[in-house]
Amino acid sequence: MQIINTVAEMQALARRWATDESVGLVPTMGYLHDGHLSLARAARQECARVVVSIFVNPTQFGPREDLSRYPRDLPRDLALLEQAGADYIFTPAADDVYAPGFACYVDPVGPLVERLEGASRPGHFRGVATVVAKLFQVVCPQRAYFGQKDAQQVAVIRQLIVDLHFALTLRVLPTVREADGLAMSSRNAYLSPEERQAATILYQALQEARRLVDAGEQNTDILRAALARVIAREPRAHLDYADVCDPNTMLALPRIAPDQPVLLALAARVGPARLIDNFLRHSDGAWDGD
C-alpha cells in the first residue's frame, strides 16, 4: 500500500496507469468505519487498482459546523485500509487541493440541492461537488464508490457525472448499520453512551414509515407525520427534517405509486451530533437501507 500526499504525485501515477486497467476510487473524509471499508472491499473485488482518498474537505462545512473537531485518526485508517486491500491512499493537504487564489467552484443549482441537506446546510453541495470533481480529475477512476446513507449526495454526484461528462461508473452500496440499526457514521464518535442509545430512534422512525408503505399507505403527509411522531418519542433527539421524496430529484412526493422509487429521509440532532439516515424503495418494491 502506497501513501500519496500531493496532487501532483497522484496525477503522475494516474498518467502512468495503463488505460486497460480499471481504477476504483473511494472518497472519504477519514475516521473510517465498516461502511467505508465495505466500499473499499467492493472496489478491491471489481478493480485492478484501488485508491482511497482521505481528505476532510473544508469547503463543505459551514461557518458554524464541525470542521475543526471532525474526528481524525490517520494511523488507524491506514491500518484498516491495508487490511481491506487498498493500493493507494491519497491524503493531500487542504492548501494543495485549494491552492492560494482558488476561485473555480462546481456549484449545483435547482431543487436537487435546495431541499433537505441543501436547505439545512447552505453551500454544502457546492463543496461536495467541487471536491468530488477534483478527485475525479486527479485520480481518473473508471469506478467511484459511495454509500447510500448520503442519499442526496449520491443524487448530486450522479448528476455531476452526467453534466460534466465524466467517463466513469458510479457504484452505490447499501448503508452499513450497527446491530441495533444505527447507521454507521464518523460523527457517531461524538455521542455519549446515552446519546448513542437515543440515536437509534432514527432507524426506528424509518422502520415505522416503511411498515406503513408496505401496508399500502400512499399519502406522504401521513408518512412524514409518522417519521416525526417517532422521533418525538426520544427527548434527546431534535428533528431537522423528515421527508418522503423522489430519490433522483429530491422533490417531495404528494403520493406514492405502487411502482415508484421512494426515499424516506431523516435528519436529527442528538447531543452534539447531527445525524442523517434514509430508506430507499426501488421501483420493484425492494428496499435498501434496513
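## Two loop residues with positive phi

In this predicted model, C140 lies in the loop that joins helix 7 (124-139) to strand 5 (143-147). The phi angle of C140 is near 55°, a positive value for a residue that is not glycine. Most residues other than glycine have a negative phi.

The relative accessible area of Y31 is 26%, so Y31 is partly exposed.

## Overall dimensions and composition

The secondary structure of the protein chain consists of eleven helices and ten strands. Along the principal axes, the C-alpha atoms fill a box of roughly 55 × 40 × 40 Å. How does the radius of gyration bear on the shape of the chain, and what would a compact globule of 290 residues have? A compact globule of that length would have a radius of gyration near 19 Å, and the protein chain has 19 Å, so the two agree.

Of the 290 residues, 53% count as buried. Contacts in the chain can also be sorted by sequence separation: among those between residues at least 6 apart in sequence, 72% join residues at least 24 apart.

## Packing of helix 10 and helix 11

Two packed helices are described by the angle between their axes and the distance between the axes. For helix 10 (residues 201-214) and helix 11 (residues 220-232), the angle is about 150° and the axes are 8 Å apart. Helix 10 is therefore roughly antiparallel to helix 11, because angles over 145 degrees fall in that class. The crossing of helix 10 past helix 11 is right-handed.

Which residues make the contact between helix 10 and helix 11? On helix 10 they are I201, L202, Q204, A205, L206, E208, A209, L212 and V213, and on helix 11 they are L223, A226, L227, V230 and I231. Sorted by class, the contact has twelve nonpolar residues, one polar residue and one charged residue. Q204 belongs to the helix 10 side of this contact, as does E208.

Key
Residues numbered from 1 in each chain as written. Predicted model: local features only at pLDDT ≥ 70, side-chain atom pairs only at ≥ 80, totals over all residues. Heavy atoms only, no water. Axes fitted to C-alpha atoms, helices over the stretch in contact; angles between N-to-C directions. Helix = DSSP H or I, 4+ residues; strand = E, 2+ residues; numbered from the N terminus. Parallel < 35°, antiparallel > 145°, perpendicular 65-115°, else oblique. Left-handed = near helix turned anticlockwise from the far one by under 90°. Contact = heavy atoms within 4.5 Å. Nonpolar A, V, L, I, M, F, W, Y, C, P; charged D, E, K, R; others polar. Rg over C-alpha atoms; globule rule 2.2 N^0.38 Å. Buried < 20%, exposed > 50% of the residue type's maximum accessible area, 1.4 Å probe, protein only.
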